[in-house]
Amino acid sequence: MRAFPVKMPSGVRYWTVGDDDFRVVLIADRWLRHLLFGRSRAELTTYAYAISAALYLRWCLKTGRDWRVAARELGLFVVWLRHTKSTDGDTLLLGPGAKPARGDGRINKVLSAVRDLLAFAVSVGEAPSTVLGQIYEIADGRDLPEELQVSAY
């Protein structure tokens, strides 16, 4: 999986995700076009998000996970991000004193993009709604004062 640019007939560019044979990953492409055209994000935002999505999809592919439900194991994805070189997705950095492949700031940016991708996938029916509970802490209003609680009926 890798990010690559797409130039529209209008001249507008955005970034998308493709597999090793340059076949577009449809959900990532749809999401990245939505970011650019629906949310007015910059081309560089689609670039950064495409790289993050490619990392997540590569991890899912290499570990045999379905991207739609792998969110429940994001902790393992973080370990992979921290200890796997991005150039090939296979080289582990092990041993005492080995410098992490990515720092905390970069990992947080990747996770933010992956959460956004997964939330988009849920919103368009490509992933089950249970994924939202895996990527976000769902608030419970039972501890609110009674007058602030919304009735379910």
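Let me start with how helix axes are handled: axes are lines fitted to C-alpha atoms, for helices over the stretch in contact, and angles run from 0 to 180 degrees between N-to-C directions. Helices (H or I, at least four residues) and strands (E, at least two) are DSSP runs, numbered from the N terminus.

Two notes on the source. This is a predicted model, where local features need pLDDT of at least 70, side-chain atom pairs count only at pLDDT 80 or more, and totals for chains, interfaces and linings use all residues. Residues are numbered from 1 along each chain as its sequence is written, and side-chain values use heavy atoms, with hydrogens and water left out.

Now the layout. The protein chain has five helices and two strands. From the N terminus on, the order is β-β-α-α-α-α-α. Of its 153 residues, 35% count as buried. Buried here is under 20% relative accessible area, exposed is over 50%, and partly exposed is in between, with a 1.4 Å probe and protein chains only. The accessible surface is about 9,300 Å², and 54% of that belongs to carbon and sulfur atoms. Those areas come from the Shrake-Rupley method with a 1.4 Å probe; for residues, only the protein chains shown count as cover.

Helix α1 (residues 26-38) and helix α4 (residues 104-123) have axes that come within 10 Å and cross at roughly 100°. The two are therefore roughly perpendicular to each other. For the cut-offs: under 35 degrees is roughly parallel, over 145 roughly antiparallel, 65 to 115 roughly perpendicular, and the rest oblique.

Who makes the contact? From α1, it is Ile27, Ala28, Arg30, Trp31, His34 and Leu35; from α4, Ala113, Asp116, Leu117, Phe120 and Ala121. Contact means heavy atoms within 4.5 Å. By class, that is eight nonpolar, one polar and two charged residues. Ala, Val, Leu, Ile, Met, Phe, Trp, Tyr, Cys and Pro count as nonpolar, Asp, Glu, Lys and Arg as charged, and the others, Gly among them, as polar.

Look at Asp116. This residue is found in helix α4. Asp116 counts as buried because its relative accessibility is 16%. Leaving aside neighbours within four places in sequence, Asp116 is in contact with Trp31, Leu35, Arg39, Tyr49 and Tyr136.

On to α2 and α3. Helix α2 (residues 43-63) and helix α3 (residues 74-83) pack at about 105°, axes 11 Å apart. That makes α2 roughly perpendicular to α3. Leu55, Tyr56, Arg58 and Trp59 in α2 meet Leu74, Leu76, Phe77, Trp80 and Leu81 in α3. The classes are eight nonpolar, no polar and one charged.

Then the core. The largest nonpolar core has 43 residues, and Val17, Trp31, Tyr56 and Phe77 touch the most other members. Such a core is a set of buried Ala, Val, Leu, Ile, Met, Phe, Trp, Tyr and Cys residues joined through side-chain atoms within 4.5 Å. Helix α4 gives the most, with 10 residues.

Last, the backbone. Most residues other than glycine have a negative phi. Phe22 has a positive phi, near 65°, and lies in the loop between β2 and α1. Ser40 also has a positive phi, near 55°, in the loop between α1 and α2. Phe22 is exposed, at 52% relative accessible area. Ser40 is exposed too, at 65%.
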